[in-house]
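This briefing goes through one protein structure topic by topic. Keep the sequence and the 3D view at hand while reading.

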Amino acid sequence: MHVRTVGFGHPDAVKLNDQVQLEYVERYEDGDGDATPLDASMFVPPSGLYLIAYDPLDRPVASGGWRTQDENSEGYSDGDAELKRMYVIPEARGLGLARRILALLEDDARGAGRTRMVLETGDMQPEAIALYTSCGYLPCAKFGHYREYESSVCMAKPLTRP
């Protein structure tokens, strides 16, 4: 497996985003997926980054990105880097790809001067919650597009130098 930096508008990023949206619809049975407004410009370095992991046949199998956030009315704090669109296709789960992408994103956000990585997931994604918890993320005050939803789970991790 190899990981590449791509734009959020790249066809492989669009394909994986479409797949994760379908999974959200299935898990939450709401028909909408994740309606958080996202734009490709949010993931352009040094204000963000978007990564895709490819298998040996050069098929996209996992993705994730971070975008800059600072204090605003949605509950973010100055120095935040927000994790977005972490996803591994079902056939590639259990290979450590999410953990690998997460570590790369944390390193990049730290290098860009961000001080905290934040994420929002949902209570119907226990695998995601387990991954983030095992990587040092802790529950935090709710923020973002879904901050008013009971099913929303917000977590954070300081991006201190190792």
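Glutamate 82 has valine 118 in E5 as its bridge partner. On the other side, arginine 67 stands opposite glutamate 82 in E4. The model is predicted, so local features need pLDDT of at least 70 and side-chain atom pairs count only at pLDDT 80 or more, while totals for chains, interfaces and linings use all residues. Residues are numbered from 1 along each chain as its sequence is written, and side-chain values use heavy atoms, with hydrogens and water left out.

**The sheet**

- Seven strands form an open sheet in the order E1-E2-E3-E4-E5-E7-E6, with mixed pairing; two strands pair if DSSP finds at least two bridges between them.
- Strand E1 (2-5) and strand E6 (138-139) are the edge strands, and each pairs on one side only.
- E2 (residues 48-54) and E3 (residues 60-69) are antiparallel and share seven bridges.
- Within the sheet, leucine 49 stands opposite tryptophan 66 in E3.
- E3 also pairs with E4 in the antiparallel sense, over seven bridges.
- E4 and E5 run parallel and are joined by three bridges.
- Alanine 81 has methionine 117 in E5 as its bridge partner.
- E5 and E7 are antiparallel, with seven bridges between them.
- Methionine 117 has a bridge partner in E7 too, namely lysine 157.
- In a regular strand the side chains alternate between the two faces of the sheet.

- Buried means under 20% relative accessible area, exposed means over 50%, and partly exposed lies in between (1.4 Å probe, protein chains only).
- Nine of the nine residues of E4 are buried, so E4 is largely enclosed by the rest of the structure.
- In E5, five of the seven residues are buried, so this strand is also largely enclosed by the rest of the structure.
- E4, helix H2 (residues 97-111) and E5 make a right-handed β-α-β unit. Right-handed means that, with the strands pointing away from the viewer, the path from the first strand over the helix to the second runs clockwise.

**Helix H1**

- The 18 residues of H1 should span 26 Å at 1.5 Å a residue, and its end C-alpha atoms are 26 Å apart, which agrees. The expected span is 1.5 Å times one less than the number of residues.
- The buried residues of H1 are Asp12, Ala13, Leu16, Asn17, Val20, Gln21, Glu23 and Tyr24.
- E2, E3 and E4 are among the elements that cover these buried residues.
- Just after H1, glutamate 29 takes a positive phi of about 50°.

**Glutamine 125**

- Where is glutamine 125 found? The residue sits in the loop between E5 and helix H3 (126-134).
- Glutamine 125 is buried, with a relative accessible area of 14%.
- Apart from neighbours within four places in sequence, glutamine 125 is in contact with Tyr24, Arg27 and Tyr28; contact means heavy atoms within 4.5 Å.

**Salt bridges**

- A salt bridge is a side-chain nitrogen of Lys or Arg within 4 Å of a carboxyl oxygen of Asp or Glu. By this rule the count is 14 salt bridges.
- Arginine 27 and glutamate 23 form one of them, with the closest N and O atoms 2.9 Å apart. The two residues are four apart in helix H1, which means that about one helical turn separates them.
- Arginine 27 is partly exposed at 22% relative accessible area, whereas glutamate 23 counts as buried at 16%.
- Aspartate 34 and lysine 84 meet through their side chains in a salt bridge (3.8 Å, N to O). Aspartate 34 lies in the loop between H1 and E2 and lysine 84 in strand E4, so the pair ties together parts that are 50 residues apart in sequence.
- Both aspartate 34 and lysine 84 are buried.
- Arginine 147 forms a salt bridge with glutamate 74, with the closest N and O atoms 4.0 Å apart. Arginine 147 is in the loop between E6 and strand E7 (152-158) and glutamate 74 in the loop between E3 and E4, 73 residues apart.
- Salt bridges that share partners join Asp34, Arg67, Glu82, Lys84 and Arg85 into one network.
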